[in-house]
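The structure itself comes first.

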Amino acid sequence: MENLTIDFLGIGVQKAGTTWLWSALRSHPDVWMPHKKELHYFDRNCKYPSWSYLSEKYLYKRLVGKENHNKSFRFMMREDLLNALSSRNWKRIRWMMKYYLKTYSDSWYLSLFEDGIGQLRGEITPDYSLIELNDIQHIKSLVPKLKIILLLRNPIDRCWSQIRFEYTKNRFNGIDNLDSIKEMIDSPKIRKRGEYIRIIDSWRSVFGKENIFIGFYDQISSNPNELIQGVFDFLEIEALSLSQRELSTRRNVSEKKEIPDEIEFILAERYKDEVYELMSVLDNTYTYNWVKNVDFILSSKNQGGL
């Protein structure tokens, strides 16, 4: 597997600008990324509240299995292969066939990046933020010099964006049902994605603080050029001038809907300790503003303002 390796991994978090980052990185001539944004290789274990559609190692089981993750595999395979065929791009078609039709292993995963030999290679799967220490250690053993990119967002806003996305994706009609929203908030699918301290501590313990870049969703609106140039510097590639239009375009935007006051208060209570600890760990304007936001929501409730 000489020359088959990757240089960076985007690990999330979901609804914090990872699709924007993927698009910006793909525009750099020195960077090669797969034809599919999220590969979901390291989070494929069904214990994680993620897609897990790569759970089965062998194609036969993926094609005939009646489990939800195998049904998801067949759905994703059909969509991606049809789109690839319609593009008439042979490299994309060949890559998609390798992604869906091979036996899964570490060597298979690294082979997905062989078209990028000579460039900086990596991928972004936000659900890697969910994985446990043993799987992070496995990644380290596979790619010892890997650099990690993590984008964070105010956890209240991130959670509400994910809820809106889930309702839109699944065509639910109950987004005005507060009990339904509360149940979703308590699900591992939502809860674990907001555990920023756990994510930072786990990945730093394996890869070291110096090999992890932490950016903020807020920067995409306030100063996108600063964010993407910071990523380029971290990856040690030449600065690239991107148009303001490219930098300001938001991707995978959830359907707009104001957060109900009661839900906002519940989330502020849930994330209060998290954002205070984040402010002490990261100590920047963004986490300071998150603390101010949480304090304002809680104080408004206590004063009868909600």
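I began with strands E2 and E3, which pair in the parallel sense over two bridges. Elements here are DSSP runs numbered from the N terminus, with at least four residues for helices (H or I) and at least two for strands (E); two strands pair if DSSP finds at least two bridges between them. I looked up the bridge partner of Trp 32 in E3 and found Arg 121.

The model is predicted: local features need pLDDT of at least 70, side-chain atom pairs count only at pLDDT 80 or more, and totals for chains, interfaces and linings use all residues. Residues are numbered from 1 along each chain as its sequence is written, and side-chain values use heavy atoms, with hydrogens and water left out.

**Sheet.** I traced the strand order of the open sheet as E2-E3-E1-E4-E5, five strands with parallel pairing. Strands E2 (31-32) and E5 (212-216) stand at the edges with a single partner strand each, so one side of each has no neighbour in the sheet. I then checked E1 against E3: the two pair in the parallel sense over three bridges, and Phe 8 stands opposite Gly 122 in E3. Strand E1 (residues 8-10) is also joined by three bridges to strand E4 (residues 147-152), running parallel; here Gly 10 stands opposite Ile 149.

**Strand E3.** How many of the residues of E3 are buried? I counted five of five as buried, meaning under 20% relative accessible area (1.4 Å probe, protein chains only). Leu 120, Gly 122 and Ile 124 point one way, Arg 121 and Glu 123 the other. In a regular strand the side chains alternate between the two faces of the sheet. I also noted helix H1 (residues 18-26), which lies across E1, E2, E3 (120-124) and E4 and runs at about 160 degrees to E3. Such angles run from 0 to 180 degrees between N-to-C directions, and axes are lines fitted to C-alpha atoms, for helices over the stretch in contact.

**Helices H10 and H14.** H10 (residues 196-207) and H14 (residues 261-282) pack at about 40 degrees, with axes 9 Å apart. I listed the residues in contact (heavy atoms within 4.5 Å): Tyr 196, Ile 197, Ile 200 and Arg 204 of H10, and Glu 274, Glu 277, Leu 278, Val 281 and Leu 282 of H14.

**Ala 268.** This residue is found in H14 and is buried, at a relative accessible area of 0%. Beyond residues up to four places away in sequence, I found Ala 268 touching Ile 156, Val 294, Ile 297 and Leu 298.

Methods: Buried means under 20% relative accessible area, exposed over 50%, partly exposed in between (1.4 Å probe, protein chains only).
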